[in-house]
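Welcome, and please take a moment to look over the model before reading on. The paragraphs below walk through it one region at a time.

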Amino acid sequence: MSDNPENTDDPNRPDQPPRSDGAGGDQPASRPNEGPTDPRPLGAQPVQAQRQSQGQFQQQLNQLQQQQQQRSATNPASSTIEPIGSGVLADYQPAGKGYDENVDQSGTPRPKWRQLDQLLGKVGAEGMERRRKQIRRMVHQNGIAFSSYGDPKDRERHLQLDPIPQIISSDEWSRIDSALKQRATLLNMILADLYGPGKLIADRVLPAEVLFDHPHHQVPYHGLPLPGDRHLHFYGAELFRSPSGEWWVVADRTDSPGGCGFALENRLAISRAFSNEYRKCNVRRLAPYFLAVREHLASLSTRNRDNPQIAILSAGIGSASYFEDSFLARYLGFTLVEAHDLVVRSGLLMLKTLEGLTPIDVLMRRQQGNYLDPLELGGGAPGVAGILQVVRDGNLVIASAPGSGLVESPVFMAFMPRICRALMGADLQMPGVATYWGGEADSLELILDTIDDLALLPAFRQRTVVGMPVSQRKLVDPQAMTRDERIELVRNDAAGWVAQERIVRSSTAVWKNGSMASGYLSMRSFLVAKDESWCSLSGGLSRVSDTPSELIHNPFQKGGTKDVWVVSSEPVEQVSLLNGVSGPLSAQQGGGFLSSRVAENLCWLGRYMERADATARMLRAVVLRLTGEVSPAESIELPALIRALAVEGRIDAGFAIKEISSQLPELDHGLAISSLDRSDPNSLRSLVERISSLAAQVRERLSADSWRIVQEISDDFNQCDAEQCDLTDLLELTSDLVLDLASFNGLISESMTRTHGFRFLNIGRRLERSLQMIALVKNCLLQKDVAESELLEAVLEIADSIMTYRSRYHANPQLPAVIDLLLSDEKNPRSLAFQLVELNNNLDSLPGNQDRTQFPVERRLAMDALHSIRMADTEQLGASHVQGKTSPLMELLGKVEELLPQVSTEVSNRFLVHSGPFNQMISESLPGPQ
Amino acid sequence: MQYSITHKTTYDYGDVVPECFNIVRLSPRPIADQVCESHELTIVPEPAERVKRTDFFGNQIEQFSIDSPHSSLTVTARTKLKVTSRVIPAAASSPAWETLVVPQQQGEIDLLSTQLAFDSMHIRSRPEFGKYAKVSFTHNRPIVEAAIELTSRIHEDFKFDPEATVVSTPVEEVFQKKAGVCQDFAHFQIACLRSLNLPARYVSGYLRTYPPPGKPRLVGADASHAWVGIYCGPEIGWLDFDPTNDVIPSLDHVTIGWGRDYADVCPIQGVFTGGGKTLMSVSVDVEPEA
């Protein structure tokens, strides 16, 4: 039917059956594949042509108004609707022939959309475009990314957020809300039964193999004493709207559903960009859901009711959900932890903090549960040995309970209607996509007969866990197979596959390339347990794609998202979400302890920042001399500087050997290539990438502005193509980096509270700056018998001390004075002595160091270093160097250079070492007596 | 029969172990024909925590953790118990094996036995295992009769050879080599039964050994042993078979516990940090008391 030319011409599409607006009440649920299977876009050719040729919004409007009138004339149904000419949907053409979210079949905006249609119409095309860009910036700055931070191959995967929200009326929402609460309750009942009495299997409602052949079925999950028999605390439902306008469930997420953090970030961006429109539309707030999460988790603590310690367990920086984990931790005020931050002691789950072990009462589990306890569940994935026994002892509640992911396998979709009747004596309020399991003889026959109309999915959802083998079924893509191959696949492993009816999702308006376009929608909803029932997020995370049937079950996949507005007819409580954020939630912010891991990351962040700073300053000095007035070949100091860069591994060692004049063009290019080489861990770019990765891991400790600086640094480098980068670009890049790092340090010292976190960042900085200063002096000044004044000046410039020197000496630099200024002048904030003083001060403030009767080892080592510098007559040492006796000064620097890494090791041993990876004990072999 | 059993396991680590967590399964399970008189578990160094519990299969296990640095670990179980002779049902009157195939066709499904017909970590059903079993499991044959024959055949066909396999050798390879130790034979027999959809379990314990005539019994030269339990219907229940020795266990067998396969009943299982290269030594002494 799609080749019927009339279809593309007639905006009213008379071949479509009439559809009701909204869900179909108590009418029997229609099958989701009722709709057209090939809904190619009904491009309204005239409109698009006009848009391209003219691009003027007002002109478009005029023409569209005319067109609208024509539509009204041909469609009596829409003649009763008020004129909508100025609405943003006026030139909207739905992509598919199924249900459309925004307009009815006559092209008239649906009632729930009328107000926003008019409001956005007033914004105009240019306004929309401007706001789209604002939103993109906000999304970028907030770091809504789902890739692993600092992984160069995974860059630029920020979520796209469409400026046009999805609207759901409050009536419609209450039906969704009720249906999802029923489903969440049911899923929890299934878990309680399967990990408990197993009546569903005993009574033949569910085949035994659904449990016993489930790859994630683990016997240690059986019989855990869970308060209220609650396994499921968080539930995510993947929904789509069928051609008949009803919502259907396409997948359940019960292990650790992701996406609610993205939904909230989306809301923050949209409500800022469209603050006026947002206020007028009576949009329900998202904050109550997050408050409910807080309250629910706090209510779970059995051991410590008054002041429960709640932590969010993340799989770490390498996992797709890390952004959301850290966002939730910041937003909810919980401590973000990883498995190796935790240890079981005295029957309690403990967090390793700088002050020692702190018990955790409630763990919000965002790490997949399959290998949570390496003692009982085996496996090589990170986990906490003995954690299940803590649950058994009643000293810890994990939400959701380990093993709750069992029921998100598609095979359960095939049984949900039956299970619902068996356990609840009722029908599902919201149908699921028709799903057939190959393990049942009747279904298998049906699958093989109608395989062309069905989508094959592995029956058991096996999450890929770092360190564990990938399921074989995950490695094949049935959708890419021929019919025969698919039949073969199912025949050989019938119980391993389910078939789902191919779904046709509703179309929705999106803003694309400066005008209105259309895509296909799916929506993820979120629920959190609340007392005996559930609380849903009044909104959600919608995703838009270009094809109607594509199965998007993963919110972290690349693609467009939408904010979901549940709109009321009455005004909602007039508290803006932003007030909600800084009001009740953060007022309760606890989570005051600093985990050892975060302290370590802060320390390394400080170190990498200083290392990048020193490298950028050195590179800048070289570039200035390569591009300066004096010919590089005649520059006296250049060879020493290049040599110093090569010694530190920042540029290829080859550059240091040859004469400058013989390699000038290569040097120009090579400097940029070496500095921007991602594959070299010592290059400036790699240092910057380490900074973004470390900053991301301590983000909950950084202010929004500090985080933005890190983002900007990262962006500068990402936008820079090594092949195209010339010396001018490199000069700008290094200068900007020096400035950005300085502002970062400024913000830190002005706005970061003087907690242990601050101290660790500072210890890292002081250690590294000391080492960098020693390297600078050794590599640049002490390699020759006589350091020329040009070289001395360059070193003062790199060490940011040239102004001090000039104001003090009014003369050409001389080695003794330079050495004194750079090494022992405690008033010079760049000097080695200054760093050592600061290092000692910071070490002194670490936990437990105040009440000690004697200095701890790291403090003694740091004092030794400081005293060595203080006791040395550096001026004299500098002077003796001129006479060709290099050794005393070299010895002094060598000593400090040896002491500092020891300080670092001691600090690490005392405060930072967390449990290493667990090894499985070898098992007794069984020769067996005969 | 009265036994005094000592089971000592020593781990020597090449490097310091800062912490370890372990599960010990050395306490004999209280069953009808076996009474445990005393059981004592000594752990050196002294654990920070010890807790006893019953696992999913009803075995008595003990969990312990050590959180101070140590470079060796010794776990010694001393057990005194009494074994009475088991009643062995009349093989010919046991139910036809087909009636026990899982899932049962009628009535409520028995979860405990049903689950033991499914694949487990070390044991996967295969058509070739089913084919091997079918030689004994002929049409309508009483299950005990068929199981006795299968046990004998495995004993005949497979060579006892500790060099042929290791703890992790898959059943497929055992079948190919037709050689192995008690664990391999038990796994293989279970695999045969499960390939026919019959519930079967792995039983872990000890066996009394007899010194060669005229020689004294060697102390500490015994070992853990393993055999098979087969579900023979609601009346008989579970009946044990020892393919390594081609017997139905009775007075010479001491039961510790059972599970789906070795992984569920492994005597000591655990995780530790650090440690470097680890050496493990085990000595078992099963002393019959007059």
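**A walk through the two chains**

Residues are numbered from 1 along each chain as its sequence is written, while chains are lettered from A and ligands numbered from 1 in the order in which they are written. Please keep in mind that this is a predicted model, in which local features need pLDDT of at least 70 and side-chain atom pairs count only at pLDDT 80 or more, whereas totals for chains, interfaces and linings use all residues.

Is Asn59(B) buried or exposed? Asn59(B) counts as buried because 20 C-beta neighbours lie inside 10 Å. The rule is that a residue is buried if 20 or more other C-beta atoms lie within 10 Å of its own, exposed if 12 or fewer, and partly exposed in between, with C-beta atoms placed from the backbone. Setting aside neighbours within four places in sequence, Asn59(B) is in contact with Arg25(B), Arg29(B), Thr54(B), Gly257(B) and Val265(B). Here, contact means that the C-beta atoms of two residues, placed from the backbone, lie within 7 Å. Leu26(B) is 33 residues away from Asn59(B) along the chain, and their C-alpha atoms are separated by 9.6 Å.

Now turn to chain A, whose secondary structure comes to 34 helices and 20 strands. Of its 930 residues, 50% count as buried. Among contacts in chain A between residues at least 6 apart in sequence, 74% join residues at least 24 apart.

A hairpin is a friendly place to start. β8(A) is joined to β9(A) by a hairpin of two residues. These strands, residues 348–353 and 356–360, pair in the antiparallel sense over five bridges; two strands pair if DSSP finds at least two bridges between them. Within this pairing, Met350(A) stands opposite Pro359(A).

Further along is an open sheet of three strands in chain A, ordered β12-β14-β13, with antiparallel pairing. The edges belong to β12 (435–437) and β13 (454–458), each with a single partner strand, so one side of each is left without a neighbour in the sheet. Direction ignored, neighbouring strands are turned by 30 degrees against each other on average. Between β12(A) and β14(A), residues 497–501, there are three bridges, and Trp437(A) has Val498(A) as its bridge partner. Helix α16 (residues 441–449) of chain A packs on this sheet, touching β12, β13 and β14, and its direction makes about 115 degrees with that of β12(A). Such angles run from 0 to 180 degrees between N-to-C directions, and axes are lines fitted to C-alpha atoms, for helices over the stretch in contact.

Next come some helices with buried residues. In α21(A), residues 638–647, the buried ones are Leu638(A), Ala640(A), Leu641(A), Ile642(A), Ala644(A) and Leu645(A). Their cover includes α20 (596–626), α22 (654–657), α27 (756–781) and α28 (789–798) of chain A. Just after α21(A), Gly649(A) takes a positive phi of about 80 degrees. Helix α30(A), residues 815–824, has nine of its 10 residues buried, so it is largely enclosed by the rest of the structure.

How do α32(A) and α34(A) lie against each other, and at what angle do they cross? The axes of α32(A), residues 857–871, and α34(A), residues 887–912, come within 8 Å and cross at roughly 160 degrees. The two helices are therefore roughly antiparallel, a label for angles over 145 degrees, with under 35 counting as roughly parallel, 65 to 115 as roughly perpendicular and the rest as oblique. By class, their contact has 11 nonpolar, two polar and five charged residues. In this count Ala, Val, Leu, Ile, Met, Phe, Trp, Tyr, Cys and Pro are nonpolar, Asp, Glu, Lys and Arg are charged, and the others, Gly among them, are polar.

Finally, the chains meet each other in a contact that takes 35 residues from chain A and 48 residues from chain B. On the side of chain A that touches chain B, α7(A) gives the most, with three residues. That side has 15 nonpolar, 14 polar and six charged residues. A pairing also links the chains: β20(A) and β13(B), residues 268–272, pair in the antiparallel sense over two bridges, with Val271(B) as the bridge partner of Gln920(A).

Technical notes: Helix = DSSP H or I, 4+ residues; strand = E, 2+ residues; numbered from the N terminus.
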